Structures are given as C-alpha cells and as structure tokens.
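Open the model in your viewer and keep the selection panel at hand. The stops below go one by one.

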Amino acid sequence: MSLTLTLPPKIEALLRQRAENTGQDLASIALAVLAFGLSFDESDFFEALEGIQRGLDDFEQGQFSSLEEFIAEQNRKYGLSLEA
C-alpha cells in the first residue's frame, strides 16, 4: 500500500534527524514510529500523545530540568541512588 502524508516541518525534521542518527532510511523510521504508536490501545495512545505535547510545550517555554536535576528528583522520590 502506498500512502502520502504531509508532515508538519517539526515532525519531518525529527524523523530526518532520527534516520540520520540511526543510519536508517526515512521510510523505515516512519514505519517504525507508526507501528509503535499503533501498538498502544487507544486510551494509552492518546494519553501518551498528550504527555508528549505537554513536554514539548514545556521545553519550548524553557521549562525543563537538567539530567542531573531529574536524577536527583527521582532519587529523592523513590529512594534510589542513581548517578548521571
């Protein structure tokens, strides 16, 4: 089956970057992403999308933590002793 999609520039850039970083062609990456997304049941899928969008919105507004801050928070929250 052949399908033509018009992607928002940000999504296309992310797909191209992932393809470049992994040495795979763009079509293979797009298929993998679609297959992964379709493997969720509907409620999990849309909850995941909403969470991803919130994270992207926060990032664009400069609201994010460093890896070190995140690890420290997880260590406190769950009594872990992870290191960066």
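**Aromatic rings, then a helix**

Select phenylalanine 64: its relative accessibility is 53%, so this residue counts as exposed. Bear in mind that the model is predicted.

Now find the aromatic pairs; the structure holds three. Start with phenylalanine 45 and phenylalanine 46. Their ring centres lie 5.2 Å apart and the planes meet at 80°, so this pair is edge-to-face; the cut-off for that label is over 60 degrees. Phenylalanine 45 is partly exposed at 26% relative accessible area. Phenylalanine 46 is partly exposed too, at 46%. Go back to phenylalanine 59 and phenylalanine 64, which form a tilted pair. Here the centres are 4.9 Å apart, with 35° between the planes.

Next, select residues 67-78, helix H4. H4 has 12 residues and spans 16 Å from first C-alpha to last, close to the 16 Å expected. Which residues of H4 are buried? Show Ile71, Gln74 and Asn75. They cover an arc of only 100° around the axis, so they sit on the same side of H4. Residues three or four places apart in an α-helix point the same way, because there are 3.6 residues a turn. Turn to the other side of H4: Arg76 and Lys77 are exposed there. Step just past H4 to glycine 79, where phi is positive at about 65°.

Last, colour by pLDDT. The chain averages 89, and 100% of the residues score at least 70. Among the elements, helix H1 (residues 9-22) has the highest mean, 92. Helix H3 (residues 42-60) has the lowest, 88.

Key
Residues are numbered from 1 along each chain as its sequence is written. This is a predicted model: local features need pLDDT of at least 70, side-chain atom pairs count only at pLDDT 80 or more; totals for chains, interfaces and linings use all residues. Side-chain values use heavy atoms; hydrogens and water are left out. Helices (H or I, at least four residues) and strands (E, at least two) are DSSP runs, numbered from the N terminus. The expected span of a helix is 1.5 Å times one less than its number of residues. Buried means under 20% relative accessible area, exposed over 50%, partly exposed in between (1.4 Å probe, protein chains only). The arc is that of the directions from the helix axis to the C-beta atoms. pLDDT is the predictor's confidence in each residue, from 0 to 100. Rings of Phe, Tyr and Trp (its six-membered ring) pair if their centres lie within 6.5 Å; planes under 30 degrees apart count as stacked, over 60 as edge-to-face and the rest as tilted.
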